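Good morning, colleagues. Please have the sequence and the structure open while I speak.

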Amino acid sequence: MSSLGFFLIAIFTLAAGLAAATMPKLIHAALCFALTFVGVAAFYFLLGAEFVGLVQVFVYVGAVAVLIVFTILLTPRDAEKDRSFKWSGAWIALVVFGGLLWAILKTPRLGTAAPVISALSVRQIGKILMTDYVWPLQCVGVLLTAALIGALVLVMEEKR
Amino acid sequence: MLSGLAGVPVWVGQIASSLINIIALLVVFLSLFALVSVLERKILARIQNRLGPNRVGPFGLLQPVADGIKMLIKEDIVPARADKVVHFLAPILIAATAILALGIIPYGRNMTPFTIDGGILFFFAIGSTTELSVFMAGWGSNNKFSILGAMRAIAQMVSYELPLLITVLPIVMVVGSLTPDAIVAAQGNYSLGILPHWFVFTPWGAVAFILFFVSGLVESNRTPFDVPEGESEIVAGHMTEYSGFKYAIFFMGEYLGMFAVSGLAVTLFLGGWHAPVRILEVVPSYVWFFLKLSVLIFVFIWVRGTLPRTRVDQVMNFAWKFMLPMAFACILAAAVWHYAGHHLIGWLYSLVVVVVVYLMLSRFIGTGKKFAPRTYRFAE
Amino acid sequence: MTPTLQLFLIISAALFCIGLLAALSRRHAIFILIGIEMMLAAAGLNFIAFWRFGPQPAPPTGVMITIFAIAIAAAEAAVGLALVIAVYRHYRTTNVDQIDQLKG
């Protein structure tokens, strides 16, 4: 696993994430949010889970980002009244990061290099989805249908 | 072919072969784009009973050169209150995603530029980022018509992404793999030496091919579904504020998207690079691929010259009320065909499934609009 | 240096904290949703990193969990955004500080 690629993708993802969290204009933040997910998908490719990377680009960048952009357009606000940025949130996030970092660095035997792995093919994922994970698959299907119907009901205009 | 570089480390060889792939792909498809842009104007002109461009070069075939020079020397106007970065990046992203999508299509025997295990999923993942770029183009122009055009375009593209995907599902199910190479290889047999086993010759395959083709028409914003760029309605939709070279890049992105969808249709339904008859296998495989691709592009242009534009609500109705249930019926029919063996009984059953669903849909899904009998008034 | 499991975990912790930053420090409802989605993506990255560096031959549990997490995150984003639109229609604002009629 190449370390140059790792560092480039890491810098790109974290920079896009920071931009998404702190940019004052909402549309710029939404577009940087899409970039962050492209970076995370690149991480998945680096780690050898190509199918998950493709699903990530498809679902997040192709669907969730478009949803967020549509919602931003449908809820226009005049003159950006609140560009407020509460600094208490930043302190809490820093404290949490410090705690997680301490936990990671304290755990022994995490510094090993990556073992050689055969790539997980789509056929294996499909077979496992149909045998071991068939119940979660059906439940996710029901959940997605319920979410679809629920979102539609929430947004439908009331008939007068 | 790269054995001359045998002494260098592996990654140099990989980069060199990738570069050769990329350059070949770009050269072939950019020249095809230039050719198709002038051929489209000539074919449209012949349909409309006039000649097309015929002044530049023999039969007007050097017209793209003139167009390119014109686009390059035009002034690049950016609206003063536009969002500079977003306005600049939008055409680049549209063209980039179209070119990326061209990379996984098998053009001939052993001629796939990049083999990815989930090739079809890669194509659709890249295609779904096109919507975001269209929105960036519309919003970055700071123009009400642009935003309106972009919203219509995104609504249309998102609605038709579902039939596009679901019509590909029967093929993936029958072949058992997401790799375009495996899908092409599964269509390689011939019955009795003359009937190829292309998926378009099965009942579910024919219906799925028509649905995929129509969805491809919509995804590339071509007539009759070119509401987003309807010139008589909203100027040029999300491309209104672009001039000069950026407009040319939009144009190129649209055409390359058309090529990508046609290429995928050839791969999935029309047997890829296989010849129609076993005897003709001596002709190189990429010739067959480009022949089939040209037929599909000609049908794109033919439909553009023939049909009028649809209304936005008609487009949405069509997608959600007709194409989606029909696509699900295709999956059912493909499953029936696959499990009855690939024999005649399977054909009959799947044909029955498809025809029954089509008749039900066309009878019972009405749009509720009744039209009065047509009356004529003549000028006195 | 070759990327080790520690590095991947640090990156995903950083991404999680950036999502937390977005969710806690902005007052626009959509920003908060963006932050939540980033936190979910960071958790998914964690799962895949552990799957990759785990003992071989590994069952693809990490990959499966991530696939389901992505699907669930998409559903939750859809419903969350529908809620934001419905609230906007009623209150004409998306500032979460001003939606406090149930307070006290």
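First, the conventions. This is a predicted model, in which local features need pLDDT of at least 70 and side-chain atom pairs count only at pLDDT 80 or more, whereas totals for chains, interfaces and linings use all residues. Residues are numbered from 1 along each chain as its sequence is written, chains are lettered from A and ligands numbered from 1 in the order in which they are written, and side-chain values use heavy atoms, with hydrogens and water left out.

Let us begin with the chains. Contact here means heavy atoms within 4.5 Å. Of the two pairs of chains in contact, A and C share the most contacts. Chains B and C have no contact, and their closest C-alpha atoms lie 14 Å apart.

Between chain A and chain C, 82 residues of chain A are in contact with 68 residues of chain C. The buried area, that is, the accessible area (1.4 Å probe) that two parts lose on being put together, summed over both, is about 6900 Å² for this pair, and carbon and sulfur atoms give 80% of that area. There are zero salt bridges between chain A and chain C; the term requires a side-chain nitrogen of Lys or Arg within 4 Å of a carboxyl oxygen of Asp or Glu. Six residue pairs are in polar contact between chain A and chain C, both residues at pLDDT 80 or more. A polar contact is a pair of N or O atoms within 3.5 Å; within protein, one must be able to donate a hydrogen and the other to accept it, and residues adjacent in sequence count only if both atoms are side-chain atoms.

Which helices of chain A each supply at least two residues of the side that touches chain C? They are α1 (3-22), α2 (26-46), α3 (50-74), α4 (87-106), α5 (122-131) and α6 (134-155). Helices (H or I, at least four residues) and strands (E, at least two) are DSSP runs, numbered from the N terminus. On this side of chain A, α3(A) gives the most, with twelve residues.

For chain A and chain B, the contact takes 22 residues from chain A and 25 residues from chain B. This pair buries about 2000 Å², 82% of it on carbon and sulfur atoms. Again the count between chain A and chain B is zero salt bridges, and two residue pairs are in polar contact, both at pLDDT 80 or more. Helices α2, α3 and α5 of chain A each supply at least two residues of the side that touches chain B. The largest share of that side, 13 residues, comes from α3(A).

Now to chain C. In α1(C), 17 of the 21 residues are buried, a word that means under 20% relative accessible area, with exposed over 50% and partly exposed in between (1.4 Å probe, protein chains only).

Finally, the individual residues. B:Gln187 sits in the loop between α7 (180-185) and β1 (190-191) of chain B. Its relative accessibility is 0%, so B:Gln187 counts as buried. The side chain of B:Gln187 reaches the backbone oxygen of B:Thr267 at 3.0 Å.

B:Asn49 has a positive phi of about 65° although it is not a glycine. B:Asn49 counts as exposed because its relative accessibility is 72%. C:Arg92, likewise not a glycine, has a positive phi of about 60°; C:Arg92 lies in the segment after α3 (61-91) of chain C.
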